[in-house]
Amino acid sequence: MSFEKLGLIKPLLSAIASMGYEHPTLIQKRAIPLVLAKSDIFATAQTGTGKTAAFALPILQRLRKTEANEKRLLKAVILSPTRELSIQIFEDLQNYAKNMKIESAVLVGGKDIASQQRAMKKGVDIVIATPGRFLEHVENGLNIENIEFFVLDEADRMLDMGFSKEIRKVHPLLPKRHQTLLFSATYSDKVRKLSKLVLTKPAFIETSKKNSTVDTINQVAYMVDTNRKAELLAYLIGSRNYPQVLVFTKTKASADTLVEELKKDGLKCDVIHGDKTQAKRLKTLQKFKEGSVKVLVATDIASRGLDIEELPYVINYELPSVAEDYVHRVGRTGRAGREGEAISLLDIYEKYDIKEIEKVIGMKIKKEVVEGFEPDPNIRRKDVDEKRLKGEHKNPHAKKERAYNKNNANRPATKKQMKVSKKKRKTTKRD
Ligand code: AMP
């Protein structure tokens, strides 16, 4: 199937042809006709499947009537979880709309709101924003009476980041008649609840199995001791001649420590995480895109919105705290059908955490050992007994029960509990 067959207009066709897109991806094939036909949509699409073009192209096409208007009215708002992703969407839109007269603006935190308001004065058709900053603009008088398109990109991530309140506040302020397009990589209860609130008779598009990772990604886990992870990472990058690697850590502190370690090994690396200013993050990202930084160490905040062409390797130096984030992390590689490799370094503590991830992605990840980095069999987990952990994995409620018992150990029993326990005591075998 070609893009022409989807009914796209010439200015868009020539823009995407110049970007090297030959055939629409699955999500584009399904979503473009629906958006053109004015339907609300609920799409579960993995990161890297081409979902930006899936909503951007038909929106641009439907906005072409407004191109000639002298006075621009805000017609579309795209909410995304992070500054980086918002900027990425903005850049994609600029490329898709390069043969059209459509103005877009990015409204994200970290920038002076007054200067954003001044920039908006000249009139824009499309705004790409993070939810908090968008609400701030609305509360400061941004006119949203003419909105026709409301896009929630990476809705699951926005909810995980606590943006539910902002989205719920903005939604009733939009004009009654508008079209809503909701995209989410995962299909959680929270997303389902939000979809009920914001969507009207939506068309459902499911381009992949729930929470599954892209097929073209080869996923492997190497077992290694905690204190040898940095050494193994440097060894893998060096010995396998990886040209460019994105490395994920769980925390900002471990990202900073790891970068220092890797620098000692002579690797050109840098770090992006929430403590870095937006200007610094963008500069680092640019250096990574250009190739002057070979290893980019990032926390999960950066796992969305990074669009680096043909990034072949993603390494999970530490597994994410939230299993679903694994999907987003590894989605950085294998984009738009290209092959990629996702490697996770697992220490004795993460050996069981990966089972949660395997449940989410619905498949087992191969576990291997790199010669010279075999885990020391004498090292035991300090926090818990491994046997019990194994048992807990078979009985997922055991962990909750143990946590409950621990939290309630010193709590005085309620009258009701005392009654129950007296009753129980009467009937126990020992009595
Ligand atoms: P996205 O999922 O929107 O972040 O897109 C992932 C990557 O795929 C981006 O680099 C896009 O430029 C690229 N892309 C999107 N659609 C296509 C297509 N039809 N053919 C080739 N590349 C595409």
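**Close-up views of a predicted model**

**View 1. Helix 2 and helix 3 cross in a right-handed sense.** A crossing is called right-handed if the near helix is turned clockwise from the far one by less than a right angle, and left-handed if anticlockwise; helices (H or I, at least four residues) and strands (E, at least two) are DSSP runs, numbered from the N terminus. The contact is made by residues of both helices, among them Ile 27, Ala 31 and Val 35 of helix 2 and Ala 54, Leu 57 and Arg 62 of helix 3, where two residues are in contact if their C-beta atoms, placed from the backbone, lie within 7 Å. The axes of helix 2 (residues 26–36) and helix 3 (residues 51–63) come within 8 Å and cross at roughly 25 degrees, the axes being lines fitted to C-alpha atoms, for helices over the stretch in contact, with angles that run from 0 to 180 degrees between N-to-C directions. Helix 2 and helix 3 are therefore roughly parallel to each other, a term for angles under 35 degrees.

This is a predicted model, in which local features need pLDDT of at least 70 and side-chain atom pairs count only at pLDDT 80 or more, while totals for chains, interfaces and linings use all residues. Residues are numbered from 1 along each chain as its sequence is written.

**View 2. Seven strands form an open sheet with parallel pairing, in the order 3-4-2-5-6-1-7.** Strand 3 (104–107) and strand 7 (203–206) stand at the edges with a single partner strand each, so one side of each is left without a neighbour in the sheet; two strands pair if DSSP finds at least two bridges between them. On average, and with direction ignored, neighbouring strands of this sheet are turned by 15 degrees against each other.

**View 3. Strand 2 (residues 76–79) pairs with strand 4 (residues 126–129) in the parallel sense, over four bridges.** Val 77 stands opposite Val 127 in strand 4.

**View 4. Ala 105 lies in strand 3.** Ala 105 counts as partly exposed because it has 17 C-beta neighbours inside 10 Å; a residue is buried if 20 or more other C-beta atoms lie within 10 Å of its own, exposed if 12 or fewer, and partly exposed in between. Leaving aside neighbours within four places in sequence, Ala 105 is in contact with Ala 119, Met 120, Val 124 and Val 127.

**View 5. The chain contains 17 helices and 14 strands.** Of its 431 residues, 39% count as buried.

Definitions and conventions. Angles under 35 degrees count as roughly parallel, over 145 as roughly antiparallel, 65 to 115 as roughly perpendicular and the rest as oblique.
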